[in-house]
Structure formats: C-alpha cells, structure tokens
There are 2 protein chains.
Amino acid sequence: MSDTANTRPTLAAVAARAGVSASTASLVFSGRGPVADATRARVLEAAAELDFAGPDPTARSLRRGRTGVIGVVTEDSLGDAFRDPINLALLDGLGDELADEGYGLLVLPWAPGSSVDLAAAPMDAAILLGCSADLAHSVEVLQQRRIPLVAIEAPELPGVVPIDLDNAEAARHGAELLRELGHERVALVTLPLDVDRTRGALTPEREAAATAFTASERIRGARAVFPDAGGVSAGGSTVGEGYAAGQALLQVPDAERPTAVIAQSDLLAAGVIRAAEELGIAVPDDLSVLGFDGIRLDGITSHALTTLVQPAVEKGRAAGRAVRAALAGDTPDAVTLTSELRRGATVAAPPPPGGQSL
Amino acid sequence: MSDTANTRPTLAAVAARAGVSASTASLVFSGRGPVADATRARVLEAAAELDFAGPDPTARSLRRGRTGVIGVVTEDSLGDAFRDPINLALLDGLGDELADEGYGLLVLPWAPGSSVDLAAAPMDAAILLGCSADLAHSVEVLQQRRIPLVAIEAPELPGVVPIDLDNAEAARHGAELLRELGHERVALVTLPLDVDRTRGALTPEREAAATAFTASERIRGARAVFPDAGGVSAGGSTVGEGYAAGQALLQVPDAERPTAVIAQSDLLAAGVIRAAEELGIAVPDDLSVLGFDGIRLDGITSHALTTLVQPAVEKGRAAGRAVRAALAGDTPDAVTLTSELRRGATVAAPPPPGGQSL
DNA sequence: TTGTAGGCGTTATCAC
DNA sequence: GTGATAACGCCTACAA
C-alpha cells in the first residue's frame with residue numbers, strides 16, 4: 001500500500017519491481033517484441049501496483065522522434081478561429097484523417113508578438129490555417145524545424161504543401177452569373193482584409209495592403225468581371241457584420257444602389273439579406289445576393305442562398321492526408337479543390353431601371 | 001553553404017561550430033545565465049549558419065518536466081465540440097488565461113474506443129470539457145499520470161478540480177418564473193442525454209440512463225418546479241434540433257399542447273420558436289419559451305429571448321486559472337459560477353384556457 | 001563567464 | 001525471451 005512517493009513511477013521502477021530489465025518492461029508496453037506471457041503478467045502487475053500509466057510521453061517522444069501531435073496554427077484567437085463554420089467543417093475533415101489515427105491537434109493561435117512560441121511547441125508537423133500573407137514570417141521558424149508544413153489557402157511558399165481552393169475562379173464564376181443576368185452595379189462584401197479586421201469601404205490602398213489571402217483572391221475573381229465594383233470589407237464572417245455592410249451599401253440613393261451584392265461568405269450574405277429586407281428591398285427582385293461557402297444556414301435565413309459551395313470537409317481531409325503522407329516520408333502533392341455554384345433563390349435579373357418595386 | 005546534412009541541427013552542433021560548450025549555448029537560448037556578448041553573438045551566428053531554430057522541444061520538455069501543452073479532452077468530435085457557442089466562449093476565456101501565457105491547447109476528442117491515447121499525449125495538465133458521467137473511466141488513466149485535472153460541469157471526482165455552473169438551480173429559477181406566471185403544462189427540450197445524441201421523447205428510463213451531466217442537472221432543476229413535465233431530448237444544441245423538438249411538442253391537440261417550453265439552450269429555444277411560428281402559435285402569447293446560455297443570437301431569431309445567462313467566458317477563464325495554479329504548485333479551489341435570468345420577450349402568462357388566439 | 005559531468009525516461013540494437 | 005549498453009537532445013548543478 002505504502003508507495004515510495006507521489007512522484008511519477010518510471011518504467012525502470014516497474015521493471016525493478018517485476019524483477020525484469022527496463023528493456024523487457026518497455027517491450028511489454030510497446031508490444032513490439034516477444035515477451036513470455038508470465039513475464040508480461042508480472043510486469044503489468046507491477047505497473048498496476050505502482051499505478052503506472054505507461055511510458056512517459058515526453059521521454060518516448062524524444063527517443064522515438066515523434067510526438068503524435070500535429071500543430072494547427074491560426075492567426076485568430078482560439079474562439080474566432082472556430083467560430084467560422086468553414087473552419088469547423090475543416091476540423092471535421094482533419095479529425096477524420098488525423099485524430100482518428102491517434103494524432104492530437106495542438107491549436108496554436110499565433111500572431112506577431114503572440115506569446116505562443118512556434119519554435120518550442122512539440123509537434124511532428126504543422127497545418128497553417130487562417131494564416132495570411134506574412135505567412136513567410138511565421139513559417140520561417142517552422143521551416144527551420146524541418147517538420148512538414150501544410151498551408152490551407154495561402155500564398156505559395158517553397159517547401160510548404162498547399163491545400164488550395166479555386167477562390168478567384170469561383171468568385172469569377174459567380175460574378176459572371178450576375179453579369180449574364182444583366183447586373184452592372186455590383187458591390188462586394190469581403191471577408192476581413194487583414195488581422196485587424198477593420199470594417200470599412202474598399203479602397204485601392206486598403207486592398208493593396210490586404211494580407212488576407214482568401215479575401216484578396218475572391219476580390220480578384222469578382223473584379224475580373226466587374227473591374228469597378230466597390231464595396232465594403234467586413235470585420236468578420238458573421239451575420240452581424242454582413243448586416244452592417246448591407247446597411248452601408250444599401251442606404252444610398254436608389255440610382256446608386258447596387259443591384260447585386262457579392263458576399264464572400266454565406267453568413268455575410270445572410271446579413272446583407274436581412275439588411276435589405278429591413279430597408280424594404282426585396283431579394284432577389286430588387287437585389288441579388290450571392291454567397292460563398294455553401295454552409296447550412298440552419299434557419300439563419302429562410303432564403304435559399306445562391307452561393308459557391310466549397311468542399312470544406314474535404315479541405316481538412318486533404319490537409320490531414322498530406323500531413324500523414326509527409327510524416328510517412330512521401331512528398332505530398334499540392335491539392336486544389338474546386339467550388340461549385342449552387343443556384344438558390346437569391347439571385348435574379350436586376351430590376352428594370354425606372355421601376356421601383358417599393 | 002553546403003551544410004553537413006538535412007538532419008536537424010542540435011544545440012551541440014551549434015556549440016561546436018561556435019567553439020563553445022553545449023551548456024554555454026544552452027544559456028544563450030534560455031537566457032537564464034550570464035553570457036558574454038561576444039560569445040552570445042558567436043553562438044547566434046553559428047545557429048543562423050546551421051539554420052537552427054532553437055532547442056528541440058521534446059528534449060527540453062523531458063529535461064524540464066514541462067511541455068507547455070494543456071490538453072482539452074472532449075467527448076465530441078472536433079467539429080461538434082466547437083460548434084457549440086458556449087464552448088467557443090469558453091475557449092475564448094481559456095485562451096485568455098492559457099494561450100496568452102504561452103501554453104498550447106491540445107485538443108483530444110476522446111470517446112471509449114477512440115484511437116486517441118490519453119496516456120500518451122504530451123501535456124502538463126488536462127481540462128475535461130464535454131465529458132459525461134463515465135468520466136471516471138477516462139479520468140483513471142489521467143489520474144495515473146499525476147497531472148492536474150480540471151473538469152467543466154462534471155460530476156465530482158476526487159482529485160479533479162471542478163469548474164461548475166449552477167445548472168439545476170438556474171433551471172429551477174427559470175421554471176419558477178413560469179409557474180408564477182401561471183403555467184402548468186410545461187414541456188422540456190433538453191440537450192442530448194448521452195454521447196449517442198439520440199433524439200426522442202423523455203422517458204424515465206432514458207433519463208435514468210442519461211450520462212450527460214449538464215442536461216441531467218437542468219432537467220432536475222426544472223422538475224423541482226414541474227415534477228411531471230415531459231418533453232423531448234434533442235440530438236444536439238442547434239436551431240434545427242430545436243425546430244424538430246418544437247414540432248414534436250406542438251403538433252398535438254390544443255388541450256394537450258404545452259403553454260411553455262423550457263429549452264436547455266438558446267439555439268434549441270430559437271428552433272422551438274421557429275416551429276411555433278410556423279404552426280401559427282404566437283410567442284409569447286400562446287407559448288412561452290425559455291432558453292439557457294445567453295449567447296448572442298445574432299439574428300437567428302428576432303425575438304429577445306428570455307433566458308438564463310451563463311458566464312461562459314468566465315468558465316474558461318476559471319478553468320485556465322485553475323490549471324495555472326495547479327501547475328504552479330497551488331491547490332486550486334473549486335469554482336461554481338452562477339447564471340442569471342434575463343427577461344426578454346418570449347415569456348408571458350399562459351393564454352386563457354378557452355380562448356384560442358388562432 | 002565558461003566548461004564538465006550527470007541524468008531526465010525511453011527505446012533500438014545487439015548480444016546472450 | 002531477456003538483458004546490458006548506448007543514445008535521443010537538452011539543462012542544471014557545480015566546479016573552474
């Protein structure tokens with residue numbers, strides 16, 4: 001009953017108690033070697049007596065060169081990173097490929113000046129999640145660690161496996177639909193342009209200074225069709241931000257009011273729709289609204305959103321597979337996933353110039 | 001230019017190249033010892049030349065006995081765990097207290113039979129998040145590891161620091177409000193009763209078999225006021241599940257229809273409200289709906305929900321503080337946080353027995 | 001201010 | 001089947 005101390009028992013202690021060598025005890029726990037049944041039993045018994053949970057993970061990691069941990073580096077705060085339904089779907093995919101393989105996910109909210117030390121976090125590989133243009137900065141220290149790096153929707157970087165989405169192409173595709181319907185005055189509601197998440201009108205300067213890759217790419221795609229489209233950058237991908245953006249864009253003289261809004265996420269689109277409805281602007285008759293993502297709106301809006309559906313879960317799976325491949329010594333291929341236009345009921349031809357349906 | 005190999009450089013290699021001993025090089029990186037400026041410079045130069053990122057985290061952890069990682073053990077899949085706004089708020093609080101202190105959060109979705117090995121995950125402490133009654137099981141191996149354990153809203157367990165919410169008391173408080181208003185036919189819409197998340201009518205058997213602590217506590221509180229209240233358990237804390245539950249409860253002969261619904265989360269409440277509205281049942285005139293959590297509904301419903309506001313962020317903070325205290329050698333106190341009734345506009349006196357406002 | 005020695009707890013390798 | 005030995009890469013007394 002009276003155990004020596006409350007200090008963690010070691011494998012050596014268990015071995016001693018069982019009257020075997022440490023190596024043999026090790027074999028019992030790792031299962032990678034032949035051990036006589038009687039010996040095994042004795043070791044396990046000794047372990048039970050000492051309340052020994054198993055080999056120390058840190059020591060094991062040092063010896064084996066593997067921690068069983070995959071880092072997920074995000075630029076947002078913990079909460080914010082997971083408040084985006086797209087990231088949640090991605091996590092589902094990652095879980096499928098990694099957690100189910102026994103890997104743990106180490107979430108590292110990293111921003112310049114953050115107290116999280118990417119050089120010191122124990123991990124076998126890292127996935128760069130909502131990381132923006134100065135990716136290079138954060139990546140540098142990770143590169144030095146010689147661990148596999150996977151970046152999701154990020155600018156290309158040598159040595160980093162990219163898991164990409166056809167953001168620009170998809171946005172262009174959506175914009176084309178609007179043009180074909182006859183729209184000319186189109187406004188953008190973009191995702192945050194940088195880590196500051198400043199809400200405000202799009203200006204050439206702000207766009208030039210933008211560091212958010214996904215937002216920039218989607219802007220680029222929309223501009224390929226509507227080169228002069230103005231708009232607003234939101235402070236986050238939320239209904240509330242979309243609502244604010246919608247108000248800013250729609251509370252203007254009728255002649256200036258856009259006939260269509262290209263929102264960079266479904267939540268933003270839902271906010272725009274709400275703003276429109278409150279102003280008595282009918283969707284889609286007076287205003288077309290295009291979303292992005294294809295998430296389940298689950299009653300956030302009753303409209304069937306016309307949107308670009310991205311394979312978010314698959315994005316996570318692809319990232320997970322890439323990590324596993326890299327860890328297995330292979331060189332994972334770059335992946336580019338494609339989004340698909342889903343026609344809902346929020347896009348239509350623009351209202352006739354004179355007629356006001358109000 | 002031609003570095004010896006592509007294998008990770010070690011502190012020893014850097015030291016050798018700088019012409020100093022390993023211990024001196026160590027001092028340079030840990031900063032906890034006097035080093036001559038010239039020496040330091042030479043070491044850093046050598047490090048740069050070898051593209052050395054810093055001491056190996058695993059080796060450092062072994063030596064120091066600290067990994068800088070806090071485990072967060074969840075019973076749900078990764079995505080599901082973070083799909084709950086309450087958990088997100090909690091994460092915000094946790095981030096404040098832990099990530100900002102440089103700790104990383106290792107997310108471990110653990111369920112019986114899961115491939116995640118709680119005995120092998122490198123961590124200095126663990127926070128048990130949505131973990132249910134057979135907590136004891138998962139905790140056993142963690143106890144053996146002699147690391148501090150903090151459980152959020154879980155049954156008490158020796159050696160585990162509890163961070164609790166007054167779930168039963170708050171639910172009772174809300175139920176009392178309804179009774180004071182004159183309600184007698186009250187139905188419950190509960191959170192999932194177990195990891196299966198089976199949706200279905202509440203029965204004594206199902207309740208007895210329930211493993212979800214929070215759900216059980218909130219049921220208990222409501223029953224203290226309405227001992228006979230029946231209801232439905234949802235398959236998750238979502239608007240969709242609330243909607244389904246609402247339909248099940250409200251599509252019955254008028255005489256049997258509850259005059260009030262106690263939902264165990266705001267999302268569920270929002271779903272119930274939607275179902276009611278679709279059935280032409282006015283809230284709160286024909287039906288009172290009480291929520292729980294006090295999250296921002298951000299346009300999910302336009303009603304100002306009457307709900308029990310819980311300090312979710314503070315829950316996370318408290319957990320984070322408890323972990324830090326334990327790691328510092330202190331014995332953290334148990335914490336019980338209290339929820340507060342916020343009167344919105346979804347609760348009113350029941351409709352007069354005969355009168356049908358339809 | 002710097003170097004030496006020893007060990008953190010495991011596991012791989014090779015004898016026996 | 002089992003045991004000795006030697007790392008894994010680092011840090012911390014302590015000595016110089």
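A salt bridge here is a side-chain nitrogen of Lys or Arg within 4 Å of a carboxyl oxygen of Asp or Glu. The model shown in these close-ups is predicted.

**Figure 1. B:Glu97 and B:Arg324 form a salt bridge in chain B.** The N to O distance is 2.7 Å. B:Glu97 sits in helix α6 of chain B, and B:Arg324 in helix α13 of chain B. The two residues are 227 residues apart, so this pair links distant parts of the chain. B:Glu97 is buried, at a relative accessible area of 12%. B:Arg324 is partly exposed, at 30%.

**Figure 2. B:Glu97 also pairs with B:Arg321.** The closest N and O atoms of this salt bridge are 3.5 Å apart. B:Arg321 belongs to helix α13 (residues 312-327) of chain B, while B:Glu97 belongs to helix α6 (residues 85-97) of chain B. B:Arg321 counts as partly exposed, with 37% relative accessibility.

**Figure 3. Salt bridges with shared partners build one network in chain A.** The network joins A:Asp96, A:Glu97, A:Glu314, A:Arg317, A:Arg321 and A:Arg324. Over all chains, the structure holds 38 salt bridges.

Figure 4. The side chains of A:Asp76 and A:Arg197 meet at 3.2 Å, N to O. A:Arg197 is partly exposed, its relative accessible area being 27%.

**Figure 5. Helices α1 and α3 of chain B pack against each other.** Two packed helices are described by the angle between their axes and the distance between the axes. For α1 (residues 11-18) and α3 (residues 37-50) of chain B, the angle is about 120° and the axes are 8 Å apart. The two helices are therefore oblique to each other. The crossing of α1(B) past α3(B) is right-handed. From α1(B), the contact uses B:Ala13, B:Val14, B:Arg17 and B:Ala18. From α3(B), the contact uses B:Arg42, B:Val43, B:Ala46, B:Ala47, B:Glu49 and B:Leu50. Seven of the contact residues are nonpolar, three are charged and none is polar.

Terms used. Residues are numbered from 1 along each chain as its sequence is written. Chains are lettered from A and ligands numbered from 1 in the order in which they are written. This is a predicted model: local features need pLDDT of at least 70, side-chain atom pairs count only at pLDDT 80 or more; totals for chains, interfaces and linings use all residues. Side-chain values use heavy atoms; hydrogens and water are left out. Axes are lines fitted to C-alpha atoms, for helices over the stretch in contact, and angles run from 0 to 180 degrees between N-to-C directions. Helices (H or I, at least four residues) and strands (E, at least two) are DSSP runs, numbered from the N terminus. Angles under 35 degrees count as roughly parallel, over 145 as roughly antiparallel, 65 to 115 as roughly perpendicular and the rest as oblique. A crossing is left-handed if the near helix is turned anticlockwise from the far one by less than a right angle, and right-handed if clockwise. Contact means heavy atoms within 4.5 Å. Ala, Val, Leu, Ile, Met, Phe, Trp, Tyr, Cys and Pro count as nonpolar, Asp, Glu, Lys and Arg as charged, and the others, Gly among them, as polar. Buried means under 20% relative accessible area, exposed over 50%, partly exposed in between (1.4 Å probe, protein chains only).
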